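Dear colleague,

I am passing on a structure that I would be glad to have you look over. It is shown just below, and my notes follow it.

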Amino acid sequence: MGNTNAISVTESDLILTVRDVRKSFGRVEALRGADFDVRRGEVVALMGDNGAGKSTLVKILAGVQAADSGVVTLDGNEVVFASPDEARAAGIETVYQDLALADTLDSAANLFLGRELRRQGFLGHIGFLDNRRMRREAREAFASLQVTVRSEHDAVGNLSGGQRQGIAVCRAATWAQHVLFLDEPTAALGLRQTRNVLDLICRVRDQGISVVLISHSLPDVMQVADRIEVLRLGRRIAQFTTVDVSADDVVAAITGARGSGQDDEGQDL
C-alpha cells in the first residue's frame with residue numbers, strides 16, 4: 001500500500017469521486033487503480049510528474065476517453081461519460097491549454113460558442129441570433145468574475161494571453177454546475193497575468209464551483225489550492241491540505257522520494 005496521507009472527509013463533502021480507475025493503451029498502463037476526490041466549493045490541485053496519469057484521468061472525467069474499469073460518482077450518482085457533451089450536460093467543464101477560443105469572434109460570441117441564443121419569434125426560428133442579449137449577459141458574466149476585456153467588439157485573437165485565458169475560464173465557469181477543470185492555465189503567462197488568473201480561480205471557487213487545477217507550478221498551487229492530490233505511475237500516492245504541507249513535501253511525493261511503496265516499473269501517460 002502507498003503512503004497516501006489520507007484526509008478524512010464525509011461523503012456529503014464530496015462532489016466528485018474516482019475509485020480504482022484503470023486505463024491502458026496496449027501494454028501501457030496509464031492509470032493503475034487511480035483514486036481522486038473533489039470537495040464541494042474547493043480548489044484542489046492535481047499534480048504529478050510527466051507520465052503520472054493526470055492527462056488521462058482528466059480526459060476520462062471530461063468524457064474524451066473511456067475508462068477500462070473503475071467507478072466515478074458525481075454529486076452522489078455513478079456516472080459514465082461517453083462524450084464531452086455528456087460531461088458538460090452533467091455540469092463538468094474543462095479548459096485545456098489551447099483554450100478552444102474562436103480567434104475571429106468577439107468575447108460575447110466566444111462565451112456563447114455552441115450555446116448561442118436565438119431571437120424570439122419567427123426570426124429565431126430561421127436562425128437569427130440575439131446578439132444584443134448575448135452581449136448583455138456576457139458583460140454580466142465578466143463583471144461577476146471581474147474579468148477585464150479591452151473591448152467587447154474586439155476579436156479575441158487580438159487580446160492578450162491573460163485576457164484570453166480569462167474569457168476561457170469565465171465561459172467554462174458560466175456553464176459549469178459542479179466542477180471546472182483547468183489544465184495548466186498559467187503556463188504561457190507573465191507574472192501579472194498569472195496573478196490575475198489565480199485571483200480569477202479563487203473567485204470561481206467563491207461562487208460555489210469546485211475547481212481542479214492541473215499544474216506543474218508549485219508556487220501557483222501553494223497560493224490558491226485548498227488541497228493537493230498527487231498521482232505517480234497511475235495511482236494517487238498522496239493527499240495534502242495545503243496550509244499543513246511544505247513545498248518540499250509535495251516535491252518529494254511527486255518525485256517518489258517519500259517512499260510510496262510503489263514500484264517504478266512500466267511506462268505511464
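This is a predicted model: local features need pLDDT of at least 70, side-chain atom pairs count only at pLDDT 80 or more; totals for chains, interfaces and linings use all residues.

Which exposed residues are carried by the face of α5 that is turned away from its buried side? They are Arg 132 and Ala 143. The mean pLDDT of the protein chain is 89, with 91% of its residues at 70 or more. Over residues 260-269, however, the pLDDT is below 50, although in the model this stretch has 30 contacts beyond near neighbours in sequence.

To return to the helix, α5 spans residues 131-144, and its 14 residues reach 20 Å from the first C-alpha to the last, which is close to the 20 Å expected at 1.5 Å a residue. Its buried residues are Met 134, Ala 138, Ala 141 and Phe 142, and, seen down the helix axis, the buried residues of α5 fall within an arc of 95 degrees, so they line one face of the helix. What they pack against is α3 and α6. After α5 comes Gln 146, whose phi is positive, near 55 degrees.

Turning to the aromatic side chains, the count comes to one aromatic pair, formed by Phe 112 and Trp 175, with an edge-to-face arrangement in which the centres are 5.8 Å apart and the planes stand at 75 degrees to each other. Phe 112 lies in the loop between α3 (107-111) and α4 (122-125), while Trp 175 belongs to helix α6 (residues 161-175), so the pair ties together parts that are 63 residues apart in sequence.

The largest nonpolar core has 51 residues, of which Leu 180, Val 204 and Ile 228 touch the most other members. Once its neighbours within four places in sequence are left aside, Val 204 is in contact with Leu 145, Val 169, Ala 173, Leu 180, Ile 209 and Val 211. Apart from this core lies another, of 26 residues, which includes Leu 16, Val 58, Leu 74 and Val 79.

With best wishes

Terms used:
Residues are numbered from 1 along each chain as its sequence is written. Side-chain values use heavy atoms; hydrogens and water are left out. A nonpolar core is a set of buried Ala, Val, Leu, Ile, Met, Phe, Trp, Tyr and Cys residues joined through side-chain atoms within 4.5 Å. Buried means under 20% relative accessible area, exposed over 50%, partly exposed in between (1.4 Å probe, protein chains only). Contact means heavy atoms within 4.5 Å. pLDDT is the predictor's confidence in each residue, from 0 to 100. Rings of Phe, Tyr and Trp (its six-membered ring) pair if their centres lie within 6.5 Å; planes under 30 degrees apart count as stacked, over 60 as edge-to-face and the rest as tilted. Helices (H or I, at least four residues) and strands (E, at least two) are DSSP runs, numbered from the N terminus. The expected span of a helix is 1.5 Å times one less than its number of residues. The arc is that of the directions from the helix axis to the C-beta atoms.
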